[in-house]
Amino acid sequence: MAGPPGKVRCSHLLIKNENSRNPVSRRTNQATSGTTEKAAMEELLEIKAKITPENFAQMAQERSDCGSYRSGGDLGWFGEGEMMQAFWDGTNALKVGEIGDPVKTDSGLHLILRTG
């Protein structure tokens, strides 16, 4: 499905941690300030070993700390400058259907599935 010119689409699974700019899970409303970045990365890598494009939405609903967990992590279409640069770069490095390596932003650590 082709999107608007200059736009990409992805879903993501976010794990917030003590270094997140807003260390509160949107899924649980619990503080994540007690989670080290190292522990968050270890958990994200465990998830990456099991996650596929087919189960991504379910896993995002079960674990993501972003409010997009409600929609399986889907962030819709966005262009450059609408997301943090590292997130934009991480999404653009992927082909549609690929899940990338963890990406670190001010929000936390992300797994990204490019969907468009």
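Analyst: Two strands are taken to pair if DSSP finds at least two bridges between them. Strands (E, at least two residues) and helices (H or I, at least four) are DSSP runs numbered from the N terminus. The model is predicted, with local features needing pLDDT of at least 70 and side-chain atom pairs counting only at pLDDT 80 or more, while totals for chains, interfaces and linings use all residues. Residues are numbered from 1 along each chain as its sequence is written, and side-chain values use heavy atoms, leaving out hydrogens and water.

Strand E1 (residues 7–15) and strand E4 (residues 108–114) run antiparallel and are joined by 6 bridges. Within this pair, Leu-13 stands opposite Leu-111 of E4. Both strands belong to an open sheet of 4 strands, ordered E2-E1-E4-E3 with antiparallel pairing. Its edge strands, E2 (74–79) and E3 (103–105), each pair on one side only.

Helix H1 (residues 37–50) lies across E1, E3 and E4, at about 20 degrees to E4. Helix H2 (residues 56–63) lies across E1 and E4, at about 45 degrees to E1. These angles, on a scale from 0 to 180 degrees, are taken between N-to-C directions of axes fitted to C-alpha atoms, for helices over the stretch in contact.

The largest nonpolar core has 12 residues, including Leu-13, Leu-44, Met-59 and Leu-111. Such a core is a set of buried Ala, Val, Leu, Ile, Met, Phe, Trp, Tyr and Cys residues joined through side-chain atoms within 4.5 Å; buried means under 20% relative accessible area with a 1.4 Å probe, protein chains only.

Conventions:
Contact means heavy atoms within 4.5 Å. Buried means under 20% relative accessible area, exposed over 50%, partly exposed in between (1.4 Å probe, protein chains only).
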